[in-house]
Structure formats: structure tokens, C-alpha cells
Amino acid sequence: DELSEFLQNGAVVAANCIAPALLAKAGAFNSVSDYQIVCYPGTEKNNVDDSHFVKSKKDQIHIHKNIITGNGPSSSVKLAHALATNLIGDSKIPDDVIKSMGY
């Protein structure tokens, strides 16, 4: 599928809340070896293979190669920061934007 092709070509893919679990269940991340993701707590239980889910409850976001995932609405700002940093670099994000994000 298209997402797997994007990942194989090195594109950055970000997902938050239950989306990482749904994408994992659909096999979208299978092209990335030994991928690790976070998702909304409990949604990983709906997957056949939950070995790809980070077990730590403190990780709000997780970056594995070119996959950036968040565990829910409370991680949205951290996920946005991680995505922007990954795409353009921290030094290119304007200071006022970084301050408004709490960094």
C-alpha cells in the first residue's frame, strides 16, 4: 500500500492516539524492521501481535527510524515538535513557536 511505500522510501510518517494501533493492525509498518510504536493505552490489545508496542507508560511519543507516534491527545504538542524537528531541524523552528509549544 502507499504508506508502506512511503516508509520504504524514507518518508516520515506520524500518527497519534489510536491511529498507530490501527495502522499496525493493517500492516502499514511491516516494511520497517522491528518497528516500535506507542498508541493510546489499551488499543494495542486489539492487535494480533503487540510486540511492536513500547511497554513504558511514561513514553508519550516514540520515534523509531522514520515513524513518529504519540499515545493520545496529551502528546499532540510533543508529537508536533518531534515531527517539525525531524522534517526541518530544531534550529529552523522560530523561537516564538518553540516557546509557545513549551520547549
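**Notebook: loops, core and surface**

I began with Cys-17, which I found in the loop between β1 (13-15) and α2. This is a predicted model, and I read the backbone angles from it. Cys-17 has a positive phi of about 65 degrees, although it is not a glycine. Most residues other than glycine have a negative phi, so I noted the angle. I then looked up its cover: Cys-17 counts as partly exposed because its relative accessibility is 24%, between the cut-offs of 20% and 50%.

I looked at Asp-34 next, in the loop between α2 and β2 (61-64). Asp-34 is not a glycine either, and its phi is positive at about 50 degrees. Is Asp-34 buried or exposed? I found Asp-34 exposed, with a relative accessible area of 62%.

I turned to the largest nonpolar core, which has 13 residues. Leu-7, Ala-24, Phe-29, Tyr-35, Ile-37, Phe-53 and Ile-67 touch the most other members. The elements that give two or more residues to this core are α1 (2-8) and α2 (19-25). I listed the contacts of Leu-7, leaving out residues up to four places away in sequence: Val-13, Ala-28, Phe-29, Ser-31, Val-32, Asn-66 and Ile-67.

On the surface I found a nonpolar patch of Ile-18, Leu-22 and Tyr-40, with about 290 Å² of accessible area together. Leu-22 lies in helix α2 and counts as exposed because its relative accessibility is 53%, over the 50% cut-off.

Last, I checked confidence. The mean pLDDT of the protein is 88, and 99% of its residues reach 70 or more.

Key:
Residues are numbered from 1 along each chain as its sequence is written. This is a predicted model: local features need pLDDT of at least 70, side-chain atom pairs count only at pLDDT 80 or more; totals for chains, interfaces and linings use all residues. Side-chain values use heavy atoms; hydrogens and water are left out. A nonpolar core is a set of buried Ala, Val, Leu, Ile, Met, Phe, Trp, Tyr and Cys residues joined through side-chain atoms within 4.5 Å. Buried means under 20% relative accessible area, exposed over 50%, partly exposed in between (1.4 Å probe, protein chains only). Helices (H or I, at least four residues) and strands (E, at least two) are DSSP runs, numbered from the N terminus. Contact means heavy atoms within 4.5 Å. Patches are made of residues with over 30% relative accessible area and no salt bridge: like charges are joined within 9 Å, nonpolar side chains (Val, Leu, Ile, Met, Phe, Trp, Tyr) within 5 Å. Accessible areas come from the Shrake-Rupley method with a 1.4 Å probe; for residues, only the protein chains shown count as cover. A salt bridge is a side-chain nitrogen of Lys or Arg within 4 Å of a carboxyl oxygen of Asp or Glu. pLDDT is the predictor's confidence in each residue, from 0 to 100.
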